[in-house]
Amino acid sequence: CYAKLSYDYFARTFGTGNNIKYINAGMAGTPSTLGLIRIERDVLQYNPDIVFVEFAVNDSKNNTNMTAFESLLIRLLNFETKPAVILLFTLSETGYSCQNEMERIGKAYALPMISVKDALTPEFNSKRMTWRDYSNDYIHPDRNGHRLITEFIKYYFTVVQTEDLDTVYQLPKTTVYGNQFTNLKMLDSTNAPVSSVGGFTETRTISQFPKGWTHKTGVPNESFILNLDCKNLFLVYKESKNTTTGAIDIYVDGDGVKKLHVNGYNSSGWNNPVTKLVFSDQTVKKHQIEIKMAEGSENKEFTILVWGYCDE
């Protein structure tokens, strides 16, 4: 993949033996919101000096996703190692990309940006290249596509060597979309303040998030209850094409009003993690979050993978 190929080039060109380390923290089919939830576990614990960020084809162009993307960049830029952060923008076969929205953020934060979309679109339009020269499906670069992206990154390394890097980097004083998700933290079955698992059981779930909870078929529809001091809360659940997978209803603070309906079944699901915003407030409050299997799904399965929350 381009991450490994560009790392190999960087290590050969700028390294001194084995002093360059590589972590591929990419996760297929997931947005920047989930990237932010898992950033401590998958990125920051390794004390990075350089971080490439790419969510252009998996993010939606809504305010929640773009706020999460901006919050993720702030989290990286404020980290104690002060890593260099480089944005990468890919595209789908239809031309979909969040580049325009993300570019606004990148410019505001004076971050380097590498656009696969800007490089390839003129080639596609002029017929000098076809999509199949880059990808063998509708979105993912194939071996040739990974080599192309690697060349773009190598070119960036060449260009940046000629730039004046003596200026001390400073974060802008204002945000583009917002920073309310900057301090998102992750909860799983090892640390979540669950007062009752109800009809759910702690179980090994998917490899990326193995310590979640599952409601299995034939189990009574008793409530899962989480008590948490927070101002923002995200649910991460497993999406599956298995027809035994059902839906849940989420209630907050015991008022009996359904806050969110979430269906874990999707005909194109592949046991992938999906992230949903449950609520977002301005201040931290004590909340009770209750989950019950939805009507018609009482005897079906549903898997909670992790929670993401802000308590400051």
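Guide: Gladly. This is a predicted model. Let us begin with two helices, α4 (residues 63-77) and α5 (residues 99-108). α4 passes α5 in a right-handed crossing.

Visitor: What makes the crossing of α4 and α5 right-handed?

Guide: A crossing is right-handed if the near helix is turned clockwise from the far one by less than a right angle. The axes of α4 and α5 cross at roughly 35°. The label for this crossing is right-handed. The two axes come within 11 Å.

Visitor: Which residues of α4 and α5 meet?

Guide: From α4 come Met 66, Phe 69, Glu 70 and Leu 73. From α5 come Glu 101, Met 102 and Ile 105. By class, that contact has five nonpolar, no polar and two charged residues.

Visitor: Where do α1 and α7 come in, and at what angle do they pack?

Guide: Helix α7 spans residues 143-160, and α1 packs with α7 at an angle of about 35°. Their axes are 8 Å apart. This crossing, too, is right-handed. In α1, the residues in contact include Tyr 2, Leu 5 and Phe 14. They meet residues of α7, among them His 146, Ile 149 and Phe 157. The contact divides into eight nonpolar, four polar and two charged residues.

Visitor: How many aromatic pairs are there?

Guide: The count comes to 14. One of them joins Tyr 7 and Tyr 22.

Visitor: Why is the pair of Tyr 7 and Tyr 22 called stacked?

Guide: Rings pair if their centres lie within 6.5 Å, and planes under 30 degrees apart count as stacked. Here the centres are 4.9 Å apart, with 20° between the planes.

Visitor: What makes a space inside a cavity?

Guide: A 1.4 Å probe fits there but cannot get out. The structure holds one cavity of 30 Å³ or more. The largest cavity has a volume of about 40 Å³.

Visitor: Which residues line the largest cavity?

Guide: Lys 238, Ser 240, Thr 245, Glu 301, Phe 302 and Thr 303. By class, the lining has one nonpolar, three polar and two charged residues.

How values were computed:
Residues are numbered from 1 along each chain as its sequence is written. This is a predicted model: local features need pLDDT of at least 70, side-chain atom pairs count only at pLDDT 80 or more; totals for chains, interfaces and linings use all residues. Side-chain values use heavy atoms; hydrogens and water are left out. On a 1 Å grid over the protein atoms alone, a cavity is a set of points where a 1.4 Å probe fits but cannot get out, and a pocket is an open set with protein on both sides within 12 Å along at least five of seven lines; lining residues have an atom within 4 Å of a point. Grid points are joined across faces, edges and corners, and a volume is the space filled by probe spheres set on the points. Ala, Val, Leu, Ile, Met, Phe, Trp, Tyr, Cys and Pro count as nonpolar, Asp, Glu, Lys and Arg as charged, and the others, Gly among them, as polar. Axes are lines fitted to C-alpha atoms, for helices over the stretch in contact, and angles run from 0 to 180 degrees between N-to-C directions. Helices (H or I, at least four residues) and strands (E, at least two) are DSSP runs, numbered from the N terminus. Contact means heavy atoms within 4.5 Å. Rings of Phe, Tyr and Trp (its six-membered ring) pair if their centres lie within 6.5 Å; planes under 30 degrees apart count as stacked, over 60 as edge-to-face and the rest as tilted.
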